[in-house]
Amino acid sequence: MAPAGISTSSAITLHINGEKHTLPVDHRTTLLDALRERLDLTGTKKGCDQGQCGACTVLIDGRRAVSCLQLAVAAEGREITTIEGVAQDGRLHPVQEAFVELDGFQCGYCTPGQICSALAVIEEHAAGWPSAATEDVRPEAGPPPLTPEEIRERMSGNLCRCGAYTSIVRAVAQAASQVGDDVKEPVA
Ligand code: FES
Ligand code: FES
């Protein structure tokens, strides 16, 4: 129990998918629970609730984050994108289209997190960020081609219980090539 005079809750304003939501939250509330339980944005999924599966991945200021390890109060004032905000004007994002076209899911439970991660992977790669799979990380070597190995490594924080990994890699590669990224090797 908090000492007398110390408040354990606050009213916060979250910026989600271009809209502002003001709500009172207990300071211990995770962003994931605020999204799902308080704002009815249930597209973001809860898998492990301890940062290991990636099902709860959202974008915060354009960077991917597991929302189960993020306190809602710490996300105040930042731009949050959930899967509900990825399609624009009734049109699926190319990453979403690729997942549908190439069967990048089975049960679909991990899919919102996979798609949010894939959006960031494509941007991180296009910006020249190396990964643990990048052979030559010297700046003069330039950005690595987005090989299947690169995609697998960069998406490794998102688990899929159904094992749709092969199709997920193909979908990320297709979406990346559509936005002009350097996808060098065909994905089987
Ligand atoms: S629910 Fe957040 S990483 Fe698993
Ligand atoms: S599609 Fe079922 S967990 Fe990934």
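A residue counts as buried if 20 or more other C-beta atoms lie within 10 Å of its own, as exposed if 12 or fewer do, and as partly exposed in between, with C-beta atoms placed from the backbone. Val169 is buried because 22 other C-beta atoms lie within 10 Å.

The model is predicted: local features need pLDDT of at least 70, side-chain atom pairs count only at pLDDT 80 or more, and totals for chains, interfaces and linings use all residues. Residues are numbered from 1 along each chain as its sequence is written.

**Helix H2 and its cover**

Helices (H or I, at least four residues) and strands (E, at least two) are DSSP runs, numbered from the N terminus. Helix H2 spans residues 94–101. Its buried residues are Val95, Gln96, Ala98 and Phe99. Viewed down the axis of H2, they fall within an arc of 160 degrees, so they line one face of the helix. That arc is taken from the directions from the helix axis to the C-beta atoms. Helices H3 (111–126) and H5 (165–178) are among what covers these residues. Val169 belongs to H5. Val169 and Phe99 are 70 residues apart in sequence, yet 9.5 Å apart in space, C-alpha to C-alpha. After H2 comes Asp103, with a positive phi near 55 degrees.

**The core**

A nonpolar core is a set of buried Ala, Val, Leu, Ile, Met, Phe, Trp, Tyr and Cys residues joined through C-beta atoms within 7 Å. The largest such core has 47 residues. Ala118, Leu119, Val172 and Ala175 touch the most other members. At least two core residues come from each of E1 (9–16), H1 (31–38), E3 (57–60), E4 (63–66), H2, H3 and H5. Domain 1 and domain 2 each give this core at least three residues. Leaving aside residues up to four places away in sequence, Leu119 touches Leu59, Val86 and Val95.

**Two domains**

Domain bounds come from an automatic or database domain assignment. For the protein chain it gives domain 1 (9–85) and domain 2 (94–178). Their C-alpha centres lie 22 Å apart. Contact means C-beta atoms, placed from the backbone, within 7 Å.

| Domain | Residues in contact with the other domain |
|---|---|
| Domain 1 | 13 residues |
| Domain 2 | 12 residues |

On the side of domain 1 that touches domain 2, E3 and E4 are the elements that give two or more residues.

Conventions: Chains lettered and ligands numbered in written order. Contact = placed C-beta atoms within 7 Å.
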